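Reader: I'd like to walk through this one with you, a bit at a time. Could you take my questions as they come?

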Amino acid sequence: MKILVPIKRVADPANANKVKVDDDATKVTSEGLEWVMNPFDEWSLEAALRLTENAAEKARVGEIVVVSITPGEGDTDHIREALGKGAERGIVVPAGTDEQLDASVVAKILAAVVKKEEPDVVLMGKQAADGDSAVAGTKLAELLEWPVVNYATNIATSDEGKTFEVKRELDIGVQTLKVEGPVVFTSSDRILRPDSIKNGVTPDDFEYADLGDLNSRLSNLKNIMAARKKPIDTMTLDDLGVELGVGTEYVKFTLPQGRSGSAEFVETVDELVQKLQTEAKVL
Amino acid sequence: MKQRRYLFEQDEHAQLRAEMRKFARNAIAPHAHEWEEAGIFPRALYAEAAEAGMLGLGYPEALGGSGGDFSHVLVAAEEIVLEGKSVGTCVGLGSHGIALPPIVNFGSDAQKERFVRPVLEGKKIAALGITEPGGGSDVAGLRTKAVRDGDHYVVNGSKTFITSGTRADFVTTAVRTGGEGHGGISLLVIEADTPGFSVGKKLAKTGWWASDTAELVFEDCRVPVANLIGQENAGFVAIMMNFVSERLMLAAQCVAIAELAYRETVAYARERRAFGKTLTGFQVTRHKLAEMSTRIAAARALTGECVARSLAGENDAGLAAMAKNTATDACSWVCDQAVQIHGGYGYMREYVVERLYRDARLYPIGGGTREIMNEIIAKTESY
Ligand SMILES: Cc1cc2nc3c(=O)[nH]c(=O)nc-3n(C[C@H](O)[C@H](O)[C@H](O)COP(=O)(O)OP(=O)(O)OC[C@H]3O[C@@H](n4cnc5c(N)ncnc54)[C@H](O)[C@@H]3O)c2cc1C
């Protein structure tokens, strides 16, 4: 099974308080921010790794190609990170600026990459932790005329990705779908649960370790070193036949209001109710 | 605040740091205070550290390690300290770093399979036993006796201050198999389930609380000859070689602890107000912080130089001793100033700097005291 995993680099959401907007409030400035792999993409990368390995034998049985569309020169740090975790190959598409890479452009670029790479599955983040638009996956499927299943919580295949049984946990219950590849998936964080992925190769009783607060597995030095020898190809917009053209215009960015920073502890529920009435005046 | 790195660091060190940072934030930091107060961390952490690739660092892949060298071990330990914020946990997890090298360097293939691999997999815990109640600095004078009896050595004596001693599955132990002096010392791997081996007591310490430290007792403890590392009576060289890397490791821990104390203090001084301004509003505080970062940079530079030389094959015991003393002093001073800038909060147990201040006191003692370092320097300078 061959899976394409798109990876975006985003300003570390853990340091969201460092984000600033420029003077005319039409742009978020990235100065001094630490870039990390979009956490939602990390979930999908982990799911893709589990779909393409025999976890009991720690052996890879499929292929993962990670693709990153990166403003400017084409930063490959996060592709390397994914290669360290087990992906086989990387593709970097240096293109424009962050503002120019809206969901429609991203979907067009990814569609062009899919046509060249012909994966069985595209497994992508449900959204990017910066823009939160959550449309690139669906747009990509539309361009490819492929089925799309968003917010997958379980993915199972027993025929190397020809068909899948996918679960989505919704407010009204669990939905189970059968879908034929090639297909676009986006994943929910529940995809990281120890038993969310079945690939017909890893024994069904194999238990993945709980990842805790991690968004994907860690890579050790051996894998980091091995990743340095894995190929990363560059594909330009010319190669892909895609033109930048922004469909989205941002009118204004406003930073969230700072927290007032005062917290008070109360001993009893009565005291809490009283304070909510007399001081906070919300009851 | 600038994030300073060692001059020897390459791309892969940055990637390794990033992975170790995630591991420490996820698996250690949330429990740091609890484990330090409890005086122990869960045994299950060894397996997690193995899975995260921490335990295997610096060991060959053929033995189940994740490769790399000493430089990788040091930067990983630094991240574990900086992000895990529990020095005791870091040093407890790392006790194999002094217990395994003699086996890797001088042991047989069978011994490596038996002892090294399960430790790197996080299944067994290893400790190093050199120091005795009667003396630690004078290694050549150690008295734990091992007398050959057929296929066994019969060991009698005791060891103390042994890191991970209460739950180690085996102890790489220095024993006297021959006559007086350094020519009569051997290294035996003594397994905890050997009849005659017992853990005397868990010792209560100034710092390093999450790391257990024990006294070990050997009473007619019968150890198979197959557990002898290298040649009989040739253990002293292995012990001395081990000390050089241990000292660099301790120096690097000092750099990391000082760096953490400094970061905590800068953050605190930016927030805390006195006389209508933040503490960083006082020139005296800014200068103190500047001095702290200067001493850390100096300690980092010398430690880094020493590591680079050692990796290039230059074994300079004198320089390693200098690095240990320099880093130790920087760490002790920085932690003391960190407490001072925190005021009363710096004396309170829930503040990280209070704990670091106590942790720092070990370093001029463990792994060879400051005086012994000066002896080594004096000897290598041949005065
Ligand atoms: C928390 C902790 C963990 C430890 N972990 C381990 C471990 O895992 N394994 C292990 O084997 N050991 C361990 N040690 C022991 C440590 O290495 C020794 O404490 C150290 O080597 C000093 O030995 P000592 O305590 O017997 O002091 P002594 O040797 O009795 O020294 C006492 C004092 O005399 C000074 N002195 C001694 N000789 C001279 C000299 N020639 N010239 C001038 N001054 C001298 C010393 O510098 C010191 O100030 C640990 C110690 C601690 C505190």
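Reader: How many bridges join S8(A) to S9(A)?
Author: Keep in mind that this is a predicted model. The two strands S8(A) and S9(A) run parallel. One pair to look at is Ile69(A), which stands opposite Val93(A) in S9(A). The number of bridges joining S8(A) to S9(A) is six.

Reader: S8(A), H2(A) and S9(A) make a β-α-β unit, so what is its hand?
Author: Helix H2 of chain A, residues 77-85, lies across S8, S9 and S17 of chain A. Its direction is at about 165° to S8(A). Taken together, S8(A), H2(A) and S9(A) make a β-α-β unit that is right-handed.

Reader: How many of the residues of H2(A) are buried?
Author: The helix is mostly covered. The buried residues include Ile79(A), Ala82(A) and Leu83(A), and also Arg80(A), Glu81(A) and Lys85(A). Just after H2(A) comes Gly86(A), with a positive phi of about 140°. As for the count in H2(A), it is eight of nine.

Reader: Back to the strands: which residue is the bridge partner of Val92(A) in S17(A)?
Author: S9(A) pairs with S17(A) in the parallel sense, over three bridges. In S17(A), Val92(A) has as its bridge partner Thr234(A).

Reader: Which strands stand at the edges of the seven-strand sheet of chain A?
Author: This open sheet has parallel pairing and the order S11-S15-S10-S1-S8-S9-S17. Neighbouring strands in it are turned by 20° against each other on average, direction ignored. Two strands have a single partner strand each, so one side of each is left without a neighbour in the sheet. Those edge strands are S11 (148-152) and S17 (232-234) of chain A.

Reader: And at the S11(A) end, what residue of S15(A) is the bridge partner of Val149(A)?
Author: S11(A) and S15(A), residues 183-187, pair in the parallel sense over three bridges. Helix H4 of chain A (residues 136-144) lies across S10, S11 and S15 of chain A, at about 160° to S11(A). The bridge partner of Val149(A) in S15(A) is Phe185(A).

Reader: Chain A has a four-strand sheet too; what kind of pairing does it have, and which residue stands opposite Ile155(A) in S16(A)?
Author: The order is S14-S13-S12-S16, in an open sheet whose pairing is mixed. S14 (173-180) and S16 (197-198) of chain A are at the edges with a single partner strand each, so each has one side without a neighbour in the sheet. S12(A), residues 154-156, pairs with S16(A) in the parallel sense over two bridges.

Reader: Zooming out, what percentage of the residues of chain A count as buried?
Author: Chain A comes to seven helices and 17 strands, and its C-alpha trace spans about 65 × 50 × 40 Å along the principal axes. Among contacts between residues at least 6 apart in sequence, 71% join residues at least 24 apart. Of the 283 residues of chain A, the buried part is 39%.

Reader: Which helix of chain B gives the most to the side that touches chain A?
Author: On the chain B side, 18 residues are in contact with 13 residues of chain A. The chain B residues divide into five nonpolar, eight polar and five charged. With eight residues, the element that gives the most is helix H1 (residues 11-28) of chain B.

Reader: Within chain B, are H4(B) and H10(B) roughly parallel or roughly antiparallel?
Author: The axes of H4(B), residues 70-84, and H10(B), residues 283-311, come within 10 Å and cross at roughly 150°. Phe70(B), Ser71(B) and Leu74(B) of H4(B) make the contact with Val307(B), Ser310(B) and Leu311(B) of H10(B). That contact divides into four nonpolar, two polar and no charged residues. Since the cut-off for the term is an angle over 145 degrees, H4(B) and H10(B) are therefore roughly antiparallel.

Definitions and conventions. Residues numbered from 1 in each chain as written. Chains lettered and ligands numbered in written order. Predicted model: local features only at pLDDT ≥ 70, side-chain atom pairs only at ≥ 80, totals over all residues. Axes fitted to C-alpha atoms, helices over the stretch in contact; angles between N-to-C directions. Parallel < 35°, antiparallel > 145°, perpendicular 65-115°, else oblique. Contact = placed C-beta atoms within 7 Å. Nonpolar A, V, L, I, M, F, W, Y, C, P; charged D, E, K, R; others polar. Pairing = 2+ DSSP bridges. Right-handed = clockwise from strand over helix to strand, strands pointing away. Buried ≥ 20, exposed ≤ 12 C-beta atoms within 10 Å, placed from the backbone.
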